[in-house]
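Me: Hi! I have a structure open and would like to talk it through with you. Could you help me read it?

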Amino acid sequence: RTESDRRTRSLSSGALGALALATLLQFVAQAAESTGRGVGGLVSPSSWADAVQTRFGMTLIVRLVLVALALFVASGAALAGTRAWRASAAVLVACLLLTFSLVGHPGTGRLPALGLILDIVHLGASSWWLGGLLLLAMSARRHSEHGEEWSSGVRRAARSGPVCVVVIVVTGVLQAWRTVPHPGTLTSAAYGQTLLAKSALVLLVLVIAAALWSAIRRVGPQGAGRLLVAQSLLALAVVGVSAGLVGLDQDASVAADPVTVTVSEGSLSVVLT
């Protein structure tokens with residue numbers, strides 16, 4: 001295996017470790033939030049037990065198990081590149097992406113099955129694109145410092161980047177059509193406004209991605225440095241805005257009218273508003 005291959009495996013293992021830590025922190029935070037126990041709920045076994053009984057909590061536990069399996073597959077250096085290794089990695093990645101889709105907007109609203117499929121493809125293309133950007137940045141630095149040539153994997157990431165961005169845009173547009181109840185929500189609700197901000201950032205990403213690919217074809221990795229930095233920063237901004245969408249109501253522009261209910265039991269009558 002080349003030095004580039006070893007760096008790629010180390011990067012994959014590090015990313016999976018970060019995902020495991022983030023998932024664990026998300027689980028304990030959700031446990032504290034859902035049980036209303038505040039900071040004390042972060043270390044409360046009873047809060048954890050309550051969280052496991054929810055779909056959100058169970059999905060996070062499944063994700064932790066999948067990450068452990070993915071770490072095992074990623075560390076299989078002797079098997080790396082074989083057909084069985086690639087098939088195992090592909091199945092694990094698809095299952096990991098599904099755990100994200102099941103706990104967000106994709107599994108709700110109209111056509112939830114379509115939403116799950118679109119989200120898995122959307123997240124998969126995003127992950128491939130962001131991982132490719134990181135590989136490109138690392139390889140560009142090594143090229144400038146040591147004159148190291150790009151490996152076949154890095155060149156494949158460079159070629160697939162623009163395709164991934166197109167897939168991200170197409171699936172994102174279809175997902176927006178599915179989740180936004182009516183066009184007015186785009187300007188009147190926080191969800192729609194945030195979605196528009198994300199769309200503007202993605203348009204900038206498309207422009208820079210085209211310039212980056214053109215620079216790589218014309219002058220090679222030495223001409224990609226600044227464009228890589230710009231696209232990476234925009235990519236982080238897109239991820240941040242996307243994370244903000246998760247906690248927003250898709251149709252918050254619709255006002256909730258008060259509802260009055262009268263409950264009677266014998267001579268006792270209670271009016272609830």
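Me: Let's start with one residue. Which helix does L234 lie in?
Reply: L234 lies in helix α9, which covers residues 225-246. Keep in mind that this is a predicted model.

Me: Thanks. Is L234 buried or exposed?
Reply: L234 is buried, as its relative accessible area is 15%, and the cut-off for buried is under 20%.

Me: And what does L234 touch, leaving out residues up to four places away in sequence?
Reply: L234 touches L201, L204, V205 and I208.

Me: What does I208 contact beyond its neighbours within four places in sequence?
Reply: I208 is in contact with L227, A230, Q231 and L234.

Me: Nice. Let's zoom out: how many helices and strands does the protein have?
Reply: There are 9 helices and 2 strands. Along the sequence the order is α-α-α-α-α-α-α-α-α-β-β.

Me: What share of the protein is buried?
Reply: Of the 273 residues, 32% are buried.

Me: And how many of the contacts link residues 24 or more positions apart?
Reply: Those account for 62% of the contacts with a separation of 6 or more.

Me: New topic: α3 and α4. At what angle do they pack?
Reply: Helix α3 (residues 55-74) and helix α4 (residues 83-101) pack at about 160°, and their axes are 10 Å apart. That angle makes α3 roughly antiparallel to α4, because angles over 145 degrees count as such.

Me: What is the handedness of the crossing?
Reply: The crossing of α3 and α4 is left-handed.

Me: Which residues meet there?
Reply: From α3 you have T59, V62, R63, L66, V67, L69, A70 and V73. From α4, they meet W85, S88, A89, L92, C95, L96, T99 and F100. By class, this contact of α3 with α4 has 12 nonpolar, 3 polar and 1 charged residues.

Me: Which residues are buried in each of the two helices?
Reply: In α3, the buried residues are G57, T59, L60, R63, L66, V67, A70, V73 and A74. In α4, they are L92, L96, L97, T99 and S101.

Me: What about their lengths, how do those come out against 1.5 Å a residue?
Reply: α3 has 20 residues and reaches 28 Å from its first C-alpha to its last, close to the 28 Å expected. For α4, the 19 residues should span 27 Å, and its end C-alpha atoms are 27 Å apart, which agrees.

Me: Last one, a loop residue. Where is S44?
Reply: S44 sits in the loop between α1 (3-35) and α2 (45-52).

Me: Buried or exposed?
Reply: S44 is buried, with a relative accessible area of 13%.

Me: How far is S44 from A32?
Reply: S44 and A32 are 8.1 Å apart in space, C-alpha to C-alpha, and 12 residues apart in sequence.

Conventions. Residues are numbered from 1 along each chain as its sequence is written. This is a predicted model: local features need pLDDT of at least 70, side-chain atom pairs count only at pLDDT 80 or more; totals for chains, interfaces and linings use all residues. Side-chain values use heavy atoms; hydrogens and water are left out. Axes are lines fitted to C-alpha atoms, for helices over the stretch in contact, and angles run from 0 to 180 degrees between N-to-C directions. Helices (H or I, at least four residues) and strands (E, at least two) are DSSP runs, numbered from the N terminus. Angles under 35 degrees count as roughly parallel, over 145 as roughly antiparallel, 65 to 115 as roughly perpendicular and the rest as oblique. A crossing is left-handed if the near helix is turned anticlockwise from the far one by less than a right angle, and right-handed if clockwise. Contact means heavy atoms within 4.5 Å. Ala, Val, Leu, Ile, Met, Phe, Trp, Tyr, Cys and Pro count as nonpolar, Asp, Glu, Lys and Arg as charged, and the others, Gly among them, as polar. The expected span of a helix is 1.5 Å times one less than its number of residues. Buried means under 20% relative accessible area, exposed over 50%, partly exposed in between (1.4 Å probe, protein chains only).
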